[in-house]
Amino acid sequence: MKPLVLVTPSFERGRLMVRREYLQALQDEGVLPWPISIEAIEEAEAYCNNAHGLLLSGGGDIDPLFYHQQPHVALGEVDPDRDRLDFAILARALQRQMPILAICRGLQVLNVARGGTLIQDLPRQRPQALRHQQRAPRWHKSHSIDICEGTMLRQIYRNSTGQVNSFHHQAVDRVGKDLEVVARSNDGVIEALEGLGKNFVMAVQWHPEDLYNNDLEARGLFRAFAESCIEYEKICRVTGGCSSEQTNPCDPD
Ligand SMILES: [Mn+2]
């Protein structure tokens with residue numbers, strides 16, 4: 001049995017959109033990507049009952065209402081349907097202690113779901129910040145990061161620094177509950193978060209799927225995530241399913 005990994009899509013002009021790079025990277029690591037349908041908000045529970053991992057993909061801005069702020073003048077495009085779907089799926093994945101890989105917007109969704117806040121526009125609200133909206137091909141690594149010691153990310157990168165691509169104009173401001181900052185760029189902007197629990201929760205502000213083919217570290221991120229999904233699927237199978245919270249062995253108690 002290959003693990004099924006939910007992938008959140010975006011919705012553009014009535015179409016469900018998932019970039020191939022996410023799907024390819026997951027597939028190359030031996031798990032089956034499962035893009036979620038927009039009509040799934042009521043089915044979030046059912047989706048999670050049958051899945052073994054969640055990849056929160058990149059996309060537009062989160063409605064600042066979710067972190068109790070008014071829209072800044074430089075807020076980008078917001079999609080209320082996508083916000084609702086992302087938060088509905090994530091809440092259930094967190095409940096089940098499912099492995100989670102959160103990328104770019106995904107990191108921000110995770111932070112907000114945990115009660116954190118965002119900087120709505122780095123160039124205007126943090127004028128000293130580096131350029132995080134790179135004007136270079138997606139595979140180009142435009143800025144460096146410092147990786148904190150004793151973290152999962154440090155194990156994957158096997159180094160105290162790394163080089164990443166960057167396509168965001170927002171960033172984490174206040175860090176959400178049960179999350180830990182594990183990497184920052186030189187300007188202090190938060191570039192990665194990890195969950196404090198024992199299950200795999202990794203969130204990166206860059207796009208490892210675009211580096212997957214020529215960056216061992218980006219590949220390592222997907223590998224570590226896939227391994228956790230494989231492990232989770234095994235536990236679900238052995239115990240007869242992770243469908244209900246009571247029988248979920250991944251739950252704390
Ligand atoms: Mn960046």
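This is a predicted model: local features need pLDDT of at least 70, side-chain atom pairs count only at pLDDT 80 or more; totals for chains, interfaces and linings use all residues.
Local features need pLDDT of at least 70 and side-chain atom pairs count only at pLDDT 80 or more, while totals for chains, interfaces and linings use all residues. Residues are numbered from 1 along each chain as its sequence is written, and side-chain values use heavy atoms, with hydrogens and water left out.

The sheet comes first. Its 9 strands form an open sheet with mixed pairing, in the order E4-E1-E5-E6-E13-E12-E11-E8-E9. Strands (E, at least two residues) and helices (H or I, at least four) are DSSP runs numbered from the N terminus, and two strands count as paired if DSSP finds at least two bridges between them. Strand E4 (32-35) and E9 sit at the edges with a single partner strand each, so one side of each is left without a neighbour in the sheet. From one strand to the next, the twist averages 25°; axes here are lines fitted to C-alpha atoms, for helices over the stretch in contact, and angles run from 0 to 180 degrees between N-to-C directions.

Strand E5 (residues 53-56) runs parallel to strand E1 (residues 4-7), with 3 bridges joining the two. Val 5 has Gly 53 as its bridge partner in E5, and Val 7 has Leu 55. Another 3 bridges join E5 to E6, again in parallel, and here Leu 54 is partnered by Ile 100. Gly 53 and Leu 55 point one way from E5, Leu 54 and Leu 56 the other way, and all are buried (under 20% relative accessible area with a 1.4 Å probe, protein chains only; exposed is over 50%, partly exposed in between).

Helix H1 (residues 20-28) lies across E1, E4, E5 and strand E6 (100-103), at about 150° to E4. Helix H7 (residues 216-238) packs on the sheet, touching E1, E5, E6 and strand E13 (201-204), and its direction makes about 150° with that of E5. Contact means heavy atoms within 4.5 Å.

Ala 51 is buried, at a relative accessible area of 2%. Leaving aside residues up to four places away in sequence, Ala 51 touches Leu 4, Leu 6, Trp 34, Met 98 and Tyr 232. Cys 229 is 178 residues from Ala 51 in sequence, yet their C-alpha atoms are 9.1 Å apart in space.

Then there is the metal. The manganese ion is coordinated at 2.2 to 2.3 Å by His 132 (ND1), His 143 (NE2), Ser 166 (OG), His 168 (NE2) and Glu 191 (OE). His 132 lies in the loop between helix H5 (122-125) and strand E8 (143-147), and Ser 166 in the loop between strand E9 (161-164) and strand E10 (171-172), so the pair ties together parts 34 residues apart in sequence. Both His 132 and Ser 166 are buried. Donors are N, O and S atoms within 2.8 Å of the metal (3.2 Å for Na, K and Ca), and with water not among the atoms, sites may look incomplete.

Finally, the largest pocket holds about 620 Å³ of space. Of its 29 lining residues, Gly 58, Gly 59, Gly 60, Asp 61 and Arg 82 are the closest to its centre. E2 gives the most to this lining, with 3 residues. On a 1 Å grid over the protein atoms alone, a pocket is an open set of points where a 1.4 Å probe fits, with protein on both sides within 12 Å along at least five of seven lines, and lining residues have an atom within 4 Å of a point. Grid points are joined across faces, edges and corners, and a volume is the space filled by probe spheres set on the points.
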